[in-house]
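Hello,

Here is the structure I said I would pass on. My notes on it follow below.

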Amino acid sequence: MAAKTHCPAGHPYSGDNLFHDKNGGRLCRTCSRKHKAESYWRHRDRICAERAAKYVPTSNRRRHRHGNITVSDEQREALRIIREQGE
Ligand SMILES: [Zn+2]
């Protein structure tokens, strides 16, 4: 049986990049980390948006204060700027 030496994205199954799941499957650490980070940010973004919609008092809505609620707004703003600069 031919052992795969690279993950579907082309990262090598070797050294620190290779680890095994609990079923004995081979996993690419780079991809695993990437997927985890992506789902984390997606999840976090949605939670922040829902929380902000419910949570921010009307009088504070225009004020950018430091805290969990405004972080995702700041990130969105940063992404918007990056996107505009890229075009
Ligand atoms: Zn990979």
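Notes on the model

Phenylalanine 19 is found in strand E1, which covers residues 18-20. Helices (H or I, at least four residues) and strands (E, at least two) are DSSP runs, numbered from the N terminus. This is a predicted model, in which local features need pLDDT of at least 70 and side-chain atom pairs count only at pLDDT 80 or more, while totals for chains, interfaces and linings use all residues. Residues are numbered from 1 along each chain as its sequence is written.

Phenylalanine 19 counts as exposed because it has 12 C-beta neighbours inside 10 Å. On that scale a residue is buried with 20 or more other C-beta atoms within 10 Å of its own, exposed with 12 or fewer, and partly exposed in between; C-beta atoms are placed from the backbone.

Leaving aside neighbours within four places in sequence, phenylalanine 19 is in contact (C-beta atoms, placed from the backbone, within 7 Å) with Leu27 and Arg29. The C-alpha atoms of phenylalanine 19 and arginine 29 are 6.7 Å apart, with the two residues 10 apart in sequence.

As for the whole chain, it has 2 helices and 2 strands, in the order β-β-α-α along the sequence. Of its 87 residues, 1% are buried. Among contacts between residues at least 6 apart in sequence, 8% join residues at least 24 apart.

Regards

Notes: Contact = placed C-beta atoms within 7 Å.
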